[in-house]
Amino acid sequence: MNIDDYKTYISAETMMGPNGVRVLAELFYTHPLQLLPDDAVLDVGCGTGLTSFVIAKETGASVFANDLWVSAEENRKRFIKWGVGERITPVCEDANNFHFEKKQFRVLISIDSYHYFGGSKFFFQEKILPFMKDDGEVLIGIPGLKDEYTGRAEELLFDWLGNDSYLFKSPKCWKELIGDNDRIDFVKTWEMDCFNKAWNDWLLTDNTFARDDRRCFDSIIKPYTCFVGIYVKLKNLL
């Protein structure tokens with residue numbers, strides 16, 4: 001994947017935080033996907049659909065682009081404009097109450113959103129796993145807390161995030177939250193390498209939220225936080 005292919009689509013209007021295309025690119029590099037056109041991918045928390053667009057272009061698979069904050073109709077218009085309207089199905093549902101078919105998806109991807117809804121014990125196994133095919137894969141990239149600061153999110157991040165500080169967890173903590181299950185082969189979590197570039201792309205934008213983040217970047221964000229990569233491989237039970 002060459003991120004330069006998507007420069008014209010990455011902007012203050014399509015980004016909702018640090019550059020999710022860079023996060024997605026690292027996930028694709030570390031865990032390449034081999035998908036067929038009839039494979040279905042669920043992009044959870046797709047925002048303006050930028051990551052869904054890249055997933056469709058890079059994998060050739062059918063993509064379901066879900067976001068709770070951005071309407072399906074708004075994203076549908078963007079997908080048509082971008083020339084992928086027939087490959088991406090926009091959805092607007094709460095991740096706690098999906099209405100998809102059981103074992104519908106070969107791959108689930110979530111960029112810069114899973115921490116908002118997936119941070120409780122058993123969430124993955126009860127709310128996500130039922131919709132995944134056997135031998136499926138899950139790729140997640142989210143902001144988190146560096147391992148050495150485990151358990152100190154609210155203390156360290158409060159001046160930046162306020163009451164949302166608890167959402168940031170360490171790679172080790174996220175691995176524990178995904179948990180063990182008879183359908184899970186293995187879970188890998190790590191501190192991602194794309195942190196600086198993804199943040200730099202965002203901080204250079206003329207965006208109100210980016211300006212607020214610039215104020216806290218050197219004192220809070222950079223010293224204590226990271227991007228957490230999560231890879232889950234499911235067993236082939238056939």
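This note sets out numbered points on the helices, salt bridges, surface patches and backbone angles of the structure.

1. Basis of the note. The model is predicted, so local features need pLDDT of at least 70 and side-chain atom pairs count only at pLDDT 80 or more, while totals for chains, interfaces and linings use all residues. Residues are numbered from 1 along each chain as its sequence is written, and side-chain values use heavy atoms, with hydrogens and water left out.

2. Helix H1. Helices (H or I, at least four residues) and strands (E, at least two) are DSSP runs, numbered from the N terminus. Helix H1 covers residues 20–30 and is mostly covered, with 8 of its 11 residues buried. Buried means under 20% relative accessible area, exposed means over 50%, and partly exposed lies in between (1.4 Å probe, protein chains only). The buried residues of H1 are Gly-20, Val-21, Val-23, Leu-24, Ala-25, Glu-26, Leu-27 and Phe-28. They pack against helix H2 (50–59), strand S4 (105–111), S5, strand S6 (184–191), helix H8 (195–203) and strand S7 (225–234); contact means heavy atoms within 4.5 Å.

3. A salt bridge is a side-chain nitrogen of Lys or Arg within 4 Å of a carboxyl oxygen of Asp or Glu. By this rule the count comes to 10 salt bridges. One of them joins the side chains of Arg-76 and Glu-73, at 2.7 Å from N to O. Both residues lie in helix H3, 3 residues apart, about one turn of the helix. Another joins Arg-78 to Glu-74, with the closest N and O atoms 3.3 Å apart; these two also lie in H3, 4 residues apart. An α-helix has 3.6 residues a turn, so residues three or four places apart point the same way. Arg-76 is partly exposed at 34% relative accessible area, and Glu-73 is partly exposed at 41%.

4. A salt bridge between strands. The side chains of Arg-106 and Glu-137 meet at 3.3 Å, N to O. This pair links distant parts of the chain, with Arg-106 in strand S4 and Glu-137 in strand S5, 31 residues apart. Both Arg-106 and Glu-137 are buried.

5. Positive phi angles. Lys-103 is not a glycine, yet its phi is positive, at about 55°. Lys-103 lies in the loop between strand S3 (88–91) and S4 and is partly exposed at 38% relative accessible area. Phe-122, likewise a residue other than glycine, has a positive phi near 75°. Phe-122 is found in the loop between helix H4 (114–117) and helix H5 (123–128), and its relative accessible area of 43% makes it partly exposed.

6. Surface patches. Patches are made of residues with over 30% relative accessible area and no salt bridge, like charges being joined within 9 Å and nonpolar side chains (Val, Leu, Ile, Met, Phe, Trp, Tyr) within 5 Å. Met-16, Leu-68, Trp-69 and Tyr-116 make a nonpolar surface patch of about 490 Å². Accessible areas come from the Shrake-Rupley method with a 1.4 Å probe; for residues, only the protein chains shown count as cover. Trp-69 sits in the loop between strand S2 (62–66) and helix H3 (72–81) and counts as exposed at 61% relative accessibility.
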